[in-house]
Amino acid sequence: MKYLLLILLFTAALPSFAETFIDFSAGTASGILAHHTNDGRFTVSPAGGVNAARTTGTPENRMIYLDITDSFPPMEKAFVTVEYYDMTGDISLQYDGSGNAYFESPDRYVQTDSGNWMTCVFLLQYPVWNNRQNGGHDLRILGQKDLAVRRVEVTREKPAFYSMPRDPLSELEAREPNVLRDGMTAIQQWQIHEPLPPEDLSDTAFERAKKLGITSMQSYVGLRQLEPEEGKLDFSYYDGLTDGLKKHGMKWLPFLIMAPEVSVPDWWNEKNGVFAKCLEHGEEAPVQSVWNPALRDGVKHFLTVFREHYGPEVIEALNFGISGCWGESIHVAGGGFGIMDRHQHSGYWCGDPYAAESFRSYMKNKYGSTDALNKAWKTSFGTFDALAPFIPDETTSKRAAKDLNDWYFASMTDLAEFWVKTARELYPDTPIYICTGGNGNVKLGADFSDQARRIAPYNAGIRITNENDDVANNFSVTRMVSSACRLYGAYYTTEPGGDNSPDGIPGRVFDATAGGAIGAYFKYLMDKPDLPDIRGIRFAESSGFFRKNVPDLKVAALMPNTSIGLKPELIDR
C-alpha cells in the first residue's frame with residue numbers, strides 16, 4: 001500500500017487538530033460518542049500498554065461506530081485521524097455521505113503486526129453527518145481482523161503529513177470514453193428503497209457514469225415502494241431514474257425484492273405476512289417465510305404491477321431478491337436495511353407452522369410410509385403428523401439430517417424457480433437473474449448447482465454475491481456458480497458481499513473474465529451525486545480485459561454435497 005511507509009514514519013501520537021475527538025485511552029471525548037450496535041460491538045481493554053476500543057473481526061465485533069455530535073454542516077472534505085495499535089488485517093472507514101450512508105473512504109491501511117502505535121488518516125468527501133448509519137451513527141471504522149483504536153479526531157483541515165489520493169474527476173476528464181466490449185455489463189448501485197434527490201438525476205451524473213463504462217444503474221424495488229397503500233400505485237421513486245437513463249442511452253437494473261420488511265407494504269403484511277422463525281430460539285426475523293402460502297400470489301401481483309408500468313426497453317436485466325435480510329436467494333443470515341437491531345443470525349429459519357407442514361409433506365412424498373422413514377432414520381414416529389423441522393446437529397441420524405438439509409435447500413430453489421417462471425411470462429426476452437450468496441452452507445439454503453439447473457430452462461442466470469478483494473477467494477467461491485451455469489446453459493454475473501477497495505477492482509475484472517461471467521456489479525465506481533470514484537478509474541483502466549470468455553478447463557474439483565451438508569466447515573478446506 002502506498003500509505004504504509006507514510007504511516008510508519010508517524011508512530012508517535014499527533015497533536016490535537018480540533019476539539020472533535022474521542023480518546024478511549026483517557027476516557028475523554030468532545031463532539032463524538034461511541035455506541036454499540038448489533039454489527040459493531042467493541043470492548044475497551046489494554047493494547048500496547050494503554051486502553052483502546054478493540055474488535056476481533058467477527059460479524060458482531062468488527063466495527064467501531066461513531067456519532068459526531070458537533071454541528072458540522074455538509075462540506076466538501078473532512079479528515080479522520082485514527083491512532084491504532086498495529087496488529088493484523090486491513091483498516092478502512094465508511095461515512096454518511098451525500099446520497100449514501102456508507103461511503104467508503106478511498107484510504108485503506110494494511111496492518112503489519114509490528115506491535116507499535118500508528119497513526120493513519122481517512123479522507124471524507126462530501127460528508128453530511130445525518131446519523132443514517134446503523135444505530136444513528138455518522139461513521140464506522142472497520143477492522144478486517146484485529147483492531148485496537150485509542151484516539152479518533154475529526155478535522156476540516158488536512159493533517160500536514162497526509163498526502164491526498166488521486167483525483168478521479170481530473171483523471172476521468174482526461175480519459176477517452178470507456179466503451180465495454182459487446183455483451184458485457186457493468187452495473188452501478190444507485191438507489192436503495194427511497195426516492196433519489198435531484199442531484200442524483202443530473203445530466204452530469206449520467207454522463208460521467210457512462211464515460212466510466214457503466215452500462216446500467218441498479219435500484220432496490222419493493223412492492224412497498226410501488227404500492228404503499230392497497231390499490232394506490234406510485235412509480236415516482238423510479239421514473240426520474242428511468243427517464244434519465246433513456247435520455248443518456250443507458251439501462252436500468254431493478255433489484256426486485258419481496259421478503260425483508262423494507263420491501264413489503266404494511267397492508268400486505270397485516271393481511272398475509274408470515275415472518276421467518278428460527279429453530280434455535282423460537283424468535284422471528286422481519287423477513288417473509290419462504291413457506292408463507294400467500295407469498296407466491298404476492299410475488300405474482302408485485303411482478304405484474306411492475307410490468308404494467310415498466311416495459312423491457314429501458315431494462316438491462318431483472319434481478320430478484322426472493323428472501324433473506326437483504327434480498328437474496330438465501331435464508332436469514334444477518335444484516336438488512338432498517339432491521340439490524342432485530343433478531344437475526346445464521347441458522348435454521350423453519351420454525352413457522354407452514355414450514356412444518358411443508359417438511360411433513362416432503363418426507364411423506366419421499367418415504368411413502370412412516371415405517372420406511374423410521375427404518376431410514378432409526379426413529380419410531382407413529383404418523384407423519386408427528387414430524388417437525390429440527391436442527392440437524394442435534395440428531396444422531398445422519399440420514400435424517402441429510403433429508404432435512406435437502407428439504408431446506410429445495411424449498412428455497414422452488415421459490416426461486418417460481419419467481420423466474422412468473423417473470424419470464426411477463427418479460428419473454430429480458431435477461432433475468434436470481435440474486436444468491438454465501439458459499440454453499442446449508443443454513444443459507446442456496447444450492448448453487450440446483451438453482452442453475454432449475455432456472456436455466458427459462459433462459460435465466462445467477463448473480464452471485466460472495467466476492468471481496470481476495471482474488472483467490474473469489475476464484476474458489478464463484479466457481480461453484482460458474483461451473484454449474486456452464487453445465488446447465490445458464491449465465492452469471494458477480495457482486496461483492498461488501499465493498500471493494502480500489503485495489504480490489506482489477507481482481508474482480510479478472511475473476512469475471514476468467515470464469516466466463518457476462519458482467520459485474522459494483523457499489524462505488526461513482527461517488528454520488530456526480531463524482532467518479534477512484535474505483536471507477538481503476539475499472540476503466542482494467543476494462544480492456546473485461547470480456548466474454550469461455551474458460552479452457554483442464555482440472556475439476558468435486559464438491560461432496562453430502563459431506564458438506566453434515567459438516568459445513570469442510571467448505572473452507
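**Cavities, cysteines and a buried glutamine**

Guide: The second largest cavity here has a volume of about 40 Å³. This is a predicted model, so local features need pLDDT of at least 70 and side-chain atom pairs pLDDT 80 or more, while totals for chains, interfaces and linings use all residues. Residues are numbered from 1 along each chain as its sequence is written, and side-chain values use heavy atoms, with hydrogens and water left out.

Visitor: What makes a space a cavity, and how many does the search find?

Guide: On a 1 Å grid over the protein atoms alone, a cavity is a set of points where a 1.4 Å probe fits but cannot get out. The search of the whole structure finds 3 cavities of 30 Å³ or more, where volume is the space filled by probe spheres set on points joined across faces, edges and corners.

Visitor: Which residues line the second largest cavity?

Guide: Lining residues have an atom within 4 Å of a point, and here they include Ala276, Gln288, Trp291, His331 and Trp349. By class, this lining has 5 nonpolar, 4 polar and no charged residues. Ala, Val, Leu, Ile, Met, Phe, Trp, Tyr, Cys and Pro count as nonpolar, Asp, Glu, Lys and Arg as charged, and the others, Gly among them, as polar.

Visitor: Why is Cys435 said to be in no disulfide?

Guide: A disulfide is a pair of cysteine sulfur atoms within 2.5 Å. The nearest cysteine sulfur to that of Cys435 belongs to Cys485 and is 13 Å away, so Cys435 is in no disulfide. Cys485 is in no disulfide either, with the sulfur of Cys435 as its nearest at 13 Å. By this rule the count comes to 0 disulfides.

Visitor: Why are Cys435 and Cys485 called buried?

Guide: Buried means under 20% relative accessible area, exposed over 50%, and partly exposed in between (1.4 Å probe, protein chains only). Cys435 has 1%, so Cys435 is buried. Cys485 has 2%, so Cys485 is buried as well.

Visitor: Why does Gln189 count as buried?

Guide: Gln189 counts as buried because its relative accessibility is 8%.

Visitor: How do you know that Gln189 makes polar contacts with Gln218 and Tyr521?

Guide: A polar contact is a pair of N or O atoms within 3.5 Å; within protein, one must be able to donate a hydrogen and the other to accept it, and residues adjacent in sequence count only if both atoms are side-chain atoms. The side chains of Gln189 and Gln218 make one at 2.6 Å, and the side chains of Gln189 and Tyr521 are joined by another of 3.1 Å. Both values therefore fall within the cut-off.

Key. 1 Å grid on protein atoms, 1.4 Å probe; cavity = no way out; pocket = protein on both sides within 12 Å on 5 of 7 lines; lining within 4 Å.
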